[in-house]
Amino acid sequence: MTAVVEIRGVSKSFGETKAVIDLDLNIPTGSLCGFLGPNGAGKSTTIRMLMSIIHADSGSVQVLGTSALKAKDRIGYLPEERGIYRKMKVGGFVEYIGKLKGVRSSILRKRIDQWLERVELPGIRNRRCEELSKGMQQKVQFLAAIIHEPELIILDEPFSGLDPVNARVIGGIIDELHQEGRTILFSTHVLPQAERICDRIIMIDEGKKVLDGTMSSIQSQFDPRVIRIEPIDKNCDLSNIDGASLIENTNKGDHLLMRLDDQIDATEVLRKIVQSTSVLGIEIVKPTLDEIFIEQVARRRGTEAADRVREELSHV
Amino acid sequence: MSKTLVVAWREFRHTAMTKAFLIGAIVMPLLMMGLFIVVMPLMMEANSTPMTGTVAIIAPTDVIEEFQERIHSKENPNAELIEQLPDIVTQDPLASSMLNQGGSNTTNIVLQQADIEDLEELKNKVRDGALAALIVVPDSLLGNQTSEINDQLEVLIPSSFSPNHTDLLSLAVARSVVDVRLRRLGHDPSAMHDMVKRPRVAATRLALDGGEKADNEVARRIIPMAFMMLLWIATFTSGNYLLTTTIEEKGNKVMEVLLSAVSPLQLLGGKILGQAGVSLIMLLMYGGAAMAGLVTFALLDLVPVSHLLYLVAYFTMAYFMIASIMAAVGSAVTELRDAQSLIGPIMIILIIPLALWPVLSEHPNGIVATVSSFTPPLIPFVMILRITASTETIAAWQIIMSMVIGFAAVLGMIWGCARIFRIGVLMQGKPPSFLQLLRWIRQG
C-alpha cells in the first residue's frame with residue numbers, strides 16, 4: 001500500500017523546547033489513522049509541518065508523493081483551534097477557503113448548497129457566521145476543510161465541543177469520506193474515540209513515536225493483563241486467587257475485573273477462578289488504547305509519569 | 001499569484017464595502033465636494049436677496065444724502081475686502097462673479113429721515129417690522145475731536161434681519177460718515193479714497209536660472225500641508241485597517257485555516273494589495289474633494305500636474321512603508337491594545353514631518369528638510385512637502401535619490417515585515433518586545 005504521508009527523521013524545536021524528535025511516520029493511502037497522544041505530545045506541531053505552516057528543522061516531509069508545500073491544495077485541514085470570520089456569511093466564508101484551495105467559484109457554489117444539506121444546515125448560506133451556534137459554526141468549519149474534496153483530510157479534535165447529535169453527523173460524514181477512499185488523519189487525545197473509528201493508530205509522546213500499527217496488531221502486541229468475570233454469586237470472594245488482584249471500583253454489579261500480576265500465566269489464573277466460583281462468563285480483556293498508552297508511558301518515563309497521564313486521561 | 005489576488009479581493013471587499021467605510025471615505029468627501037461645487041455657490045446666491053422696506057435714519061442731512069447715494073449705487077460694499085485678495089482669485093470669472101454677488105440688488109429700500117425725539121417709537125416700529133431698520137448717527141461722529149469721532153453709530157434691526165443686509169447697511173453708513181467728514185473739511189472723498197488706496201504688491205521670485213515666478217502665500221503654506229495630510233490620511237487609514245484585520249484574523253483563530261491554504265507571503269501580499277486599493281480610494285476621494293475646493297475658489301493653478309505625479313509616486317512609497325509596519329505589528333500581537341505599545345515609538349518618528357511642517361515649508365531647501373528627505377520612513381512625507389512648498393525647483397538629484405533610497409527602504413521593510421509576519425502569525429500570548437521582533441527578522 002502506498003503512503004500518503006512519509007515523514008523521515010523529522011525534528012522541530014521552539015527555542016529550548018523540543019516539540020518533535022527524530023520522527024518517522026508512514027500513513028497508508030485510504031486509511032483512517034488516529035494520531036494520538038496527550039496534550040503537548042507534538043501532534044499539532046507534526047500536523048502543522050504536514051500542512052507546511054511551519055517547517056521542520058531537519059528531516060523530510062512528503063505528502064501525497066510531493067513536498068508538503070506543493071500538496072497544500074490537496075489536503076483538507078480542520079485545526080484544533082477553530083477559526084472563522086465572524087462577520088462573513090456562511091456561503092462567503094466556505095467559498096473563500098475553497099477558492100484559496102484552487103476551486104472555481106461556480107463549482108463551489110453548487111457544492112456549498114449540497115454540503116450544507118449533508119451537514120443538516122440547509123438555508124444558512126446567507127447568515128453571518130456570528131449568528132450561528134457554536135456547534136453550527138463547527139460544522140461550517142468542517143465544511144470549509146473538505147469543500148475542495150481533498151485526498152488527505154487532517155482533522156484535529158473534530159468532535160470537541162460538539163453535542164452527541166452533531167458528533168454523530170460529522171462522524172457519519174468522516175466514515176463516508178473514508179469509504180470513498182480518502183485518507184483521514186484524525187488527531188485526538190480522547191483515545192476511546194479513536195479506538196472506535198480508526199483502523200490504524202499512531203501514538204506519540206514527548207515528540208517521539210511510541211506506537212504505530214493497525215488497531216488489531218497493536219492490541220495483539222500487548223499481553224492482556226485483565227480478566228473480566230461474570231459470577232453467578234455476586235458476593236463470591238476471589239481475593240485468595242494467587243497471581244491476580246481485584247481492580248478496585250470496577251465492580252459494576254454484574255461483573256468484576258481482575259488484574260494479572262507480571263509474569264503470571266493467564267490460563268492458570270482462569271482455571272483457579274473457575275474452580276473457586278461458578279461463573280456466567282469469563283474472558284481475557286483486550287487492552288484499551290488508554291491502557292496501552294499508560295503502559296507505554298510507564299515503560300518510557302516511569303510509573304509516576306504514567307500515573308499523571310492516567311489522571312489526565314480520566315478527565316477527558 | 002491567484003491566491004494572493006483572492007486574499008486581496010477579500011481584504012478590499014471586507015474593508016471598502018462596509019457601511020462605515022462608505023460613509024467615512026466616500027460619502028463624506030462627496031458631501032464636501034457637493035458643498036464646494038453646489039451648496040456654496042447657492043448660499044452665495046441666496047445672500048444676494050435684495051433688501052427691501054423702509055429704513056429710518058436719524059442723521060445730519062449731508063450724511064443722509066451721502067448714504068442715499070451710496071446705498072443705491074451699484075458699487076460692491078465688499079470692494080475693500082476684495083481689493084486685498086490675490087489677483088489669482090479676483091481675476092477668475094467664477095470666483096469674481098461669486099465675490100461680486102453681494103453688490104447687486106441692494107437698492108429696493110426707502111429712506112425716511114427721522115427725529116431723535118421719536119427714537120423709542122421708531123424702535124417699536126423696528127420691532128414690529130414696520131421699519132426694516134433704524135440708523136442713528138450722532139453729530140459727534142462728524143466732529144474734529146478724535147475722542148468724538150470714535151463714538152459709535154447705531155444700526156437697529158429686527159431680530160430676524162439678515163446678517164448680510166446688516167453688514168451692507170453698516171458698511172454703507174460708516175463710509176458715508178467718513179465721506180461727509182472729508183467733504184466738510186473741503187476734500188473730495190473719492191479723490192481721498194484713491195489717495196489712501198494701498199498699491200497692490202507683486203512679490204516675484206527671481207530664480208537662478210533666469211526665470212521669474214510670482215510668490216503666493218496660499219500656495220506656499222496651505223497646499224504643502226494639504227498634500228502631506230492627504231498622504232497621511234490615505235496611508236494611515238488603510239494601514240490601520242491592515243493592523244486591525246490582521247489582529248482580528250489572529251484573534252478569531254482563522255489564521256491557521258488561511259495558512260493551511262496559502263503561504264504567509266501570499267497572505268501578506270494579498271492583504272497589503274487589498275488595502276492598497278482602500279488607500280487609493282481614500283486618496284482619490286479626499287484628493288478629489290480638495291481639488292473641487294480649489295476649482296470652486298479658482299485656485300487650481302496652484303497645483304501643477306507634476307505635483308500630482310509626485311503625489312502618486314510618494315503615496316506608493318508611503319503606503320508600502322506604513323502597510324508593512326502595520327502588518328508586522330498586527331501579526332505579532334493578539335489584541336489591539338498590545339499593538340499600541342509597538343506602534344507608539346514608530347508613530348513618534350512618523351509624526352516628525354507634521355511637527356516640523358512650519359520649519360520645512362519655510363525652509364524647504366534647508367538642512368533639516370534635505371536630511372530628513374533622505375531618511376526612511378520620513379522620505380515620502382517630507383519630500384511631498386518640500387516639492388509643493390519650495391519656491392525654487394528641488395534639485396533633480398535630490399528627488400531621484402529620495403526615490404532610490406525610499407523604494408529600497410520599501411523593499412527592505414517588506415522583507416523584514418514578511419519575516420516577522422511568518423513567525424508572528426502563529427504566535428499567541430504575550431506580545432513581543434522590539435528586540436524580539438528584531439530576533440524574528442534574523443530567524444525568519
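Lys253(B) sits in the loop between α11 (217-251) and α12 (254-259) of chain B; helices here are DSSP runs of H or I with at least four residues, strands are runs of E with at least two, and both are numbered from the N terminus. Although Lys253(B) is not a glycine, its phi is positive, at about 65 degrees. Lys253(B) counts as partly exposed because 16 other C-beta atoms lie within 10 Å. The cut-offs are 20 or more such atoms within 10 Å for buried, 12 or fewer for exposed, and partly exposed in between, with C-beta atoms placed from the backbone.

The model is a predicted one, in which local features need pLDDT of at least 70 and side-chain atom pairs count only at pLDDT 80 or more, while totals for chains, interfaces and linings use all residues. Residues are numbered from 1 along each chain as its sequence is written, and chains are lettered from A and ligands numbered from 1 in the order in which they are written.

Ser52(A) is another non-glycine residue with a positive phi, of about 50 degrees. Its place is the loop between α1 (43-50) and β4 (58-63) of chain A. Most residues other than glycine have a negative phi, and most peptide bonds are trans. A cis bond, with omega about 5 degrees, links Pro376(B) to Pro377(B). Pro377(B) belongs to the loop between α18 (367-372) and α19 (379-389) of chain B.

| Residue | Class | Other C-beta atoms within 10 Å |
|---|---|---|
| Ser52(A) | buried | 20 C-beta atoms |
| Lys253(B) | partly exposed | 16 C-beta atoms |
| Asn240(B) | partly exposed | 17 C-beta atoms |

Asn240(B) is part of helix α11 of chain B. From Asn240(B) to Val368(B) there are 128 residues in sequence and 29 Å in space, C-alpha to C-alpha.

Chain B as a whole holds 21 helices and six strands. Of its 444 residues, 36% are buried. Among contacts in chain B with a separation of 6 or more, 78% are between residues 24 or more positions apart; a contact means that the C-beta atoms, placed from the backbone, lie within 7 Å. The average pLDDT of chain B is 83, and 86% of the residues score at least 70; pLDDT is the predictor's confidence in each residue, from 0 to 100.

Helix α14 (residues 305-332) of chain B has 28 residues and spans 41 Å between its first and last C-alpha, close to the 40 Å expected at 1.5 Å a residue. That expected span is 1.5 Å times one less than the number of residues. In α14(B), 20 of the 28 residues are buried.

Helices α13 (residues 264-296) and α20 (residues 396-424) of chain B pack with their axes 9 Å apart, at an angle of about 120 degrees. Axes are lines fitted to C-alpha atoms, for helices over the stretch in contact, and angles run from 0 to 180 degrees between N-to-C directions. Pro264(B), Leu265(B) and Leu268(B) of α13(B) meet Ala418(B), Phe421(B) and Arg422(B) of α20(B). Five of these residues are nonpolar, none is polar and one is charged. Ala, Val, Leu, Ile, Met, Phe, Trp, Tyr, Cys and Pro count as nonpolar, Asp, Glu, Lys and Arg as charged, and the others, Gly among them, as polar.

Between the chains, 18 residues from chain A and 14 residues from chain B make the contact. Helix α2 (residues 90-100) of chain A gives the largest share of the chain A side, four residues. That side has eleven nonpolar, one polar and six charged residues. The model scores ipTM 0.81 and pTM 0.72.

Technical notes. Two residues are in contact if their C-beta atoms, placed from the backbone, lie within 7 Å.
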